[in-house]
Amino acid sequence: MSNERGVFVTLEGGEGAGKSTQIAALARLATNAGVEVVTCREPGGTPLGERLRAALFATAEGETAPAPAAELLVFTAARAQLVAEVIRPALDRGALVICDRFADSTVAYQHHGRGLDASMVDAANRAATQGLVPDLTLLLDLSPEQGFQRGERGLDYLEREDVEFHRRVRRGFLELAAAEPERWLVLDATRPEMQITHAAWERVRVLLAR
Ligand code: TMP
């Protein structure tokens, strides 16, 4: 399914890669260029999605973690609501939608990280996205060690996974990017913020001019 009018950009990467900073910068640039911008985050971005996010991340240290299949279905349930309630209507209006994580996160975390079957993850993603694919996906690539050094918050149950889990997630993202180079732009997240914004904006601008 093509986006017809709007432009759909997603940001992906591990913990502490600077996605929020880049989303704010890109949204500012696009707004200044006179474009309607809608930003959102996953999981969340709708009242139902935020309640699902809170339920998932209420998992306390020492408590049994969500079963991998339960985790998959909560992330994709939140996504289904976000696509229907926010992303698809915004794209139909011709807006630029910038989303903090999307279906690629589920492949990287639940398939590469958790080891869930790829076909099961793809089926859940298809149900959630209804075939919607980003026009551009920016990968802010960073080693898990560097990502956690940057973190300032307390760790949630996913961030408490061992470093090997986070290395598999990183390799998963890089594999996805290599398989679809026309959709992905891989950015070294250790570069200065302004340089990253500049490289990302160059690509977004081309899409907006289509
Ligand atoms: P964030 O707000 O820091 O990006 O946190 C979201 C967390 O959820 C992060 O650890 C990645 C994880 N996640 C998945 O495991 N699968 C998914 O499909 C999504 C959207 C996020």
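Helix α7 (163-179) gives the most to the lining of the largest cavity: four residues.

Some housekeeping. This is a predicted model: local features need pLDDT of at least 70, side-chain atom pairs count only at pLDDT 80 or more, and totals for chains, interfaces and linings use all residues. Residues are numbered from 1 along each chain as its sequence is written, and side-chain values use heavy atoms, with hydrogens and water left out.

Back to the cavity. The structure holds one cavity of 30 Å³ or more. A cavity is a set of points, on a 1 Å grid over the protein atoms alone, where a 1.4 Å probe fits but cannot get out; lining residues have an atom within 4 Å of a point. The volume of the largest cavity is about 130 Å³, counted as the space filled by probe spheres set on the points.

Which residues lie nearest the centre of the largest cavity? They are Gly-14, Glu-15, Leu-142, His-166 and Arg-170, out of 16 residues in the lining. Besides α7, the elements β4 (136-141) and α6 (144-150) each supply at least two lining residues. By type, the lining of the largest cavity has eight nonpolar, five polar and three charged residues. Charged covers Asp, Glu, Lys and Arg; nonpolar covers Ala, Val, Leu, Ile, Met, Phe, Trp, Tyr, Cys and Pro; the others, Gly among them, are polar.

Next, the ligand. There are 13 residues around the ligand, and those that come nearest are Glu-15, Arg-53, Arg-101, Thr-106 and Gln-110. Glu-15 was also on the list for the centre of the largest cavity. In the side chain of Glu-15, a polar atom lies 3.0 Å from an oxygen atom of the ligand. For Arg-101, an N or O atom of the side chain is 2.6 Å from a ligand oxygen. The side chain of Thr-106 likewise has an N or O atom 2.6 Å from an oxygen atom of the ligand.

How much of the accessible area of the ligand does the protein cover? On its own the ligand has 480 Å², and the protein covers 95% of that.

Which elements build the shell around the ligand? Those giving two or more residues are α2 (47-57), α3 (68-93) and α4 (103-113). Helix α4 gives the most to this shell, with four residues. The ligand shell divides into six charged, four nonpolar and three polar residues.

Last, the backbone. From Glu-42 to Pro-43 the peptide bond is cis, with omega near -15°. Pro-43 sits in the loop that joins β2 (37-41) to α2.

Two residues other than glycine have a positive phi. Arg-101 has a phi of about 80°, and Gln-130 has a phi of about 55°. Where are they? Arg-101, from the ligand shell, is in the loop between β3 (96-100) and α4. Gln-130 is in the loop between α5 (118-129) and β4. Are they buried or exposed? Arg-101 is buried, at 12% relative accessible area, whereas Gln-130 is exposed, at 55%. The cut-offs are under 20% for buried and over 50% for exposed, with a 1.4 Å probe and protein chains only.

Key: Near = heavy atom within 4 Å. Polar contact = N/O pair within 3.5 Å; in protein donor to acceptor, adjacent residues only side chain to side chain. Areas by Shrake-Rupley, 256 points an atom, 1.4 Å probe, with all protein chains shown as cover. 1 Å grid on protein atoms, 1.4 Å probe; cavity = no way out; pocket = protein on both sides within 12 Å on 5 of 7 lines; lining within 4 Å.
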